[in-house]
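Hello,

Here is the structure I promised to pass on to you. Have a look at it, and then read on for what turned up in it.

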Amino acid sequence: MLLKDRVLAASEEGITITDPSLPDNPLIYVNRGFERLTGYSAQEVLGRNCRFLQGAQTDQDAAEEIRRAVREQRPCAVEILNYRKDGSMFWNRLSVTPVRDSSGRVTHYIGIQSDVTARRLAEDALREATRQLEAANARMKRDLEAAARIQRALLPSPDLRLPGVDAAWAFQPTAELAGDLLNIFPLGSDHVGFYVLDVSGHGVPAALVSMAVTRLLTPAPGRSVLFRADEDRPGEYRLSPPSSAVLRLNEFFPFDPRTAQYFTLVYCLLNWASGELRYTAAGHIPPIFVSGAGEVRLLESGGPPVGLLTSPEIAEHAVHLEPGDRIYLCTDGIIEVENENGEEFGMDRLLDRFGDACRLKVKDSVQFVLASVRDWGGPSGLIDDATILAVERIRSSPVGR
């Protein structure tokens, strides 16, 4: 008995004993752990029901569960908000167990109280942090979706009709936002301009750069690098050669070692009436030429990526397109797709696929090549943004996709 008393007194947990044979099931024993936990001395609480620990914010459902367990003479365990003598609150993990005599009659109830405030506060803080994180993620998702809609709005209209050409494209970002972008548009009365650009990296940083570049690649004289002031006619503009346009972009987007971002670009200027195509491929996959007879070849490149060098040498090339000839522009996300053995799709395979597709309509040829790339990648899919732009010179006037 002395050992039992020493153990009960030494316990850090609050231990109480109540007597249900007395009115209101009062406390007949509390240990020092209870006194430390609640701030009440034994003399202050003996003879009282434990409900004095309850207060304004105590969950009445938890309190009723305790009362119901006592009425039904069964054990229970609840976590309930209780109040110390000084009015401060604490979370009490309370277990109540009936004690029976040899005949099975309940003679007493033993209560064990544990202060679980720190754990409950940590759980509450975790729940609140999770709620805030979920709210932030939801806002971020909405913002990314809005940004993706804005970015897609920069793409050519599906109903676009241009003189002298038939065009189609595929735009496959690996995330909500892409570092790739493309466009095609009329320039003056007898030219069509088109480009594909690819910013290093992925996601939001790459998308911000790509959209900034696109702002300077618009068919808007005075606001675009695609035009230059006409020295002979003040207030008038002339088309810039592709190499000059790329050099101006290099001035606007110098390499910043803090972000380490740059971009590759192939920009083409087609005189659809004469068939002359002039282009510059700055660090980019050069244009792929497919003749109406099915000849496929990779055209020449044009220099380093935009932004890497202060004064780069930007080459400009020319090729003649007959009616039925096509130009395909792609980003490296197409050729870098790997199969399950780690083998890249590669340039040679891409050229073969364009050759296989030369008899298809322009739009169908793009979808055929893209499907081949996806099949090659299998379940892993694309590892980088993938873009294809196809332009075919035609004999008659405006035709859409």
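A word on naming before the findings: helices and strands are DSSP runs, numbered from the N terminus, with a strand (E) needing at least two residues. Please also keep in mind that this is a predicted model.

Two strands, β8 (191–199) and β11 (263–271), each give at least two residues to its lining. The space in this pocket comes to about 190 Å³. Its lining has 13 residues, and those closest to the centre are Asp198, Val199, Ser200, Thr264 and Asp332. Sorted by class, the lining of this pocket holds 4 nonpolar, 6 polar and 3 charged residues.

Now to the largest pocket, which has a volume of about 460 Å³. It is lined by 23 residues, with Asn49, Cys50, Arg51, Ile66 and Val70 the closest to its centre. Two or more lining residues come from each of β1 (14–18), α4 (60–71), β3 (76–83), β4 (89–100) and β5 (106–115). Helix α4 provides the largest share, 5 residues. The class count for this lining is 10 nonpolar, 9 polar and 4 charged residues.

Next, the sheet. Five strands make up an open, antiparallel sheet, in the order β6-β17-β16-β13-β14. The edges are taken by β6 (165–172) and β14 (296–298); each has a single partner strand, so one side of each is left without a neighbour in the sheet. On average, neighbouring strands are turned by 15° against each other, direction ignored. Within the sheet, β16 (residues 326–330) and β17 (residues 386–393) pair over 5 bridges in the antiparallel sense, and Cys330 stands opposite Ile388 in β17. Helix α10 (residues 362–377) packs on this sheet, where it touches β6, β16 and β17. The direction of α10 makes about 25° with that of β6.

Asp24 sits in the loop between β1 and β2 (27–30), and although Asp24 is not a glycine, its phi is positive, about 70°. Is Asp24 buried, exposed or partly exposed? Its relative accessibility is 44%, so Asp24 counts as partly exposed, since that class lies between the 20% and 50% cut-offs. Gln73, in the loop between α4 and β3, also has a positive phi, near 55°, in a residue other than glycine. With 37% relative accessibility, Gln73 counts as partly exposed.

Enjoy exploring, and do write back with any questions.

Best wishes

Conventions. Residues are numbered from 1 along each chain as its sequence is written. This is a predicted model: local features need pLDDT of at least 70, side-chain atom pairs count only at pLDDT 80 or more; totals for chains, interfaces and linings use all residues. Side-chain values use heavy atoms; hydrogens and water are left out. On a 1 Å grid over the protein atoms alone, a cavity is a set of points where a 1.4 Å probe fits but cannot get out, and a pocket is an open set with protein on both sides within 12 Å along at least five of seven lines; lining residues have an atom within 4 Å of a point. Grid points are joined across faces, edges and corners, and a volume is the space filled by probe spheres set on the points. Helices (H or I, at least four residues) and strands (E, at least two) are DSSP runs, numbered from the N terminus. Ala, Val, Leu, Ile, Met, Phe, Trp, Tyr, Cys and Pro count as nonpolar, Asp, Glu, Lys and Arg as charged, and the others, Gly among them, as polar. Two strands pair if DSSP finds at least two bridges between them. Axes are lines fitted to C-alpha atoms, for helices over the stretch in contact, and angles run from 0 to 180 degrees between N-to-C directions. Contact means heavy atoms within 4.5 Å. Buried means under 20% relative accessible area, exposed over 50%, partly exposed in between (1.4 Å probe, protein chains only).
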